[in-house]
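Opening the notebook on this one. I want to look up what sits inside and how the copies relate.

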Protein chains: 2
Amino acid sequence: MTDLAAALAEAAAEIDAALDRVIPQSEGDESRLFEAMRYAAIGGGKRLRGFLVLEGAKQFGVGRSAALRAAAAVEMLHAYSLVHDDLPAMDDDDLRRGKPTVHIAFDEATAVLAGDALQANAFYVLSHEETHADPAVRAELCHCLARAAGPRGMCGGQMLDMLAEQATAPLEESAIGRLQLLKTGKLIEFAAEAGAILGKAPPTLRHALSAYGRDLGAAFQIADDLLDLTATPEQAGKATGKDAAAGKATLLGLLGPERAKLQAERLAQQAAHHLDSFGERADLLRALATYAIERRN
Amino acid sequence: MTDLAAALAEAAAEIDAALDRVIPQSEGDESRLFEAMRYAAIGGGKRLRGFLVLEGAKQFGVGRSAALRAAAAVEMLHAYSLVHDDLPAMDDDDLRRGKPTVHIAFDEATAVLAGDALQANAFYVLSHEETHADPAVRAELCHCLARAAGPRGMCGGQMLDMLAEQATAPLEESAIGRLQLLKTGKLIEFAAEAGAILGKAPPTLRHALSAYGRDLGAAFQIADDLLDLTATPEQAGKATGKDAAAGKATLLGLLGPERAKLQAERLAQQAAHHLDSFGERADLLRALATYAIERRN
């Protein structure tokens, strides 16, 4: 566990440095936009998605600089989704990663724009020659990210989540699973798979990583919901207890804490099992599956 | 002029059909999102950007189906920017293309999400194998669109526009030019250039088209501002007179109608001049430069 904690911290620092390189520096009158993008994306966060990119890339000997650019792109996409989710018209949250949210620290219009610009910048970075010399790799990265982020991925899941809050009857287990696969699972799946794309891995290994990402993401989601129930805002770095209060559609709400925890454990084991064809180099990914269900923040 | 009007109408119908194919059909619980995307992107609008893609592609014998997919991607990107610009926190507009804006017809959260999903879908379509067999072309399309849409393009221009409204001193001519180049010019430039990318055109011809797009975009912007001053909401399909009332930074406001009109004419001539290396096949693009400054809506 200590190895993983150190590796996560090291990756987070490297990813922050990569984000610093790929988000424009403050200059010119529009620097308020760049500052808001930096505020949203740099510093804080577990960097789970970026870490998955880096560790996936490691399995195939991908260069660190390319892997870090892809990790930064995935983290920009994730940061944009948080900025927009926190907007007054959406979840209306004031606190994120222990800091005021972007629309509080700046203003609502700047938050909308910063999110929009972070999304565009993610595709800019992935499609850039510096990320990979082979344009087929760059096109594939853009394609898979766009699918994970778009109407049949994250945005579709967010819509389902909003509708679930307004629904009169609670969702069934399969509907909640689909909601969470779309809302958060698809991007985590892409993060786990991105290193295989960069490394032009054989399809079986690429699919093993994306299956790992899918199960890991589901386990993390349940663990997040359990934390939302039990952690203080200080521990979580954001408002807690809101999901239960808002009647959010979660497996936790449907199954209760005991069964939800068992399900998370089953998913984490299943995630690790997908890595059976990988050697020692995947040990941190295996440890991450354990961490997913044991973490306290 | 009649030829151009007919060609524009034909292109608009074809682009609507392409958008209908690339935006998910209503199905499943998240269809509210798809409906909002369709509402925002399909029907209405001059399709200037899509038309530029199609006519640019024609110069290099690009297949119609590929050109239409790229045109649809550019129009989705443009539609997303309008949906977000119209939000209460931004320009707070109720009317767009003669219809209630997305946040009025649906709700604010759905409008944020629909814009986000349209942006992702634009990259999804450009990076898809169906758009071009050569991945280098797909990667280049994504790269150039992301640059035009991101912090150093449209989003940066939008930020400048917001700041200009709050500024105490009016912007100088060069600052207004830069604002408009970023806010609307870069995407129009990309639209003009996309056909050359699809057709793997020689750099000189590709640059001629992007220079044409840049000047055309600037001419259109001045003409838009003049229309905002003189047209009724019915003619424009959106609220008019708001720019002047809001003290928006426009060349029209700085130069006055007479000089602004002269400048638009100069830009339109310059735009057409960039097409000198092209033959008869560029006649519709030439006619478009004239139309830019003569249109009434």
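I started with helix α3 of chain B, residues 48-58, in this predicted model. Ten of its eleven residues are buried, so the rest of the structure largely encloses this helix. I wrote down the buried ones: L48(B), R49(B), G50(B), F51(B), L52(B), V53(B), L54(B), E55(B), G56(B) and A57(B). R49(B) and E55(B) are on that list too.

Next I went to helix α4 of chain B, residues 64-85, where H84(B) has its place. Is H84(B) buried or exposed? I got a relative accessible area of 1%, and under 20% counts as buried, so H84(B) is buried. Then I checked its neighbours, skipping residues up to four places away in sequence. From chain A, H84(B) touches H84(A), V112(A) and D116(A). From chain B, H84(B) touches M90(B), A111(B), V112(B), G115(B) and D116(B).

Then I asked how the two copies are related.

The largest nonpolar core holds 210 residues. Which of them touch the most other members? I noted F190(A), L216(A), L288(A), F190(B), L216(B) and L288(B). I followed up F190(A): leaving out residues up to four places away in sequence, F190(A) touches V74(A), L126(A), L141(A), C144(A), L145(A), A148(A) and I197(A).

Conventions:
Residues are numbered from 1 along each chain as its sequence is written. Chains are lettered from A and ligands numbered from 1 in the order in which they are written. This is a predicted model: local features need pLDDT of at least 70, side-chain atom pairs count only at pLDDT 80 or more; totals for chains, interfaces and linings use all residues. Side-chain values use heavy atoms; hydrogens and water are left out. Copies are superposed by least squares on the C-alpha atoms of residues with pLDDT of at least 70 in both. A nonpolar core is a set of buried Ala, Val, Leu, Ile, Met, Phe, Trp, Tyr and Cys residues joined through side-chain atoms within 4.5 Å. Buried means under 20% relative accessible area, exposed over 50%, partly exposed in between (1.4 Å probe, protein chains only). Contact means heavy atoms within 4.5 Å. Helices (H or I, at least four residues) and strands (E, at least two) are DSSP runs, numbered from the N terminus.
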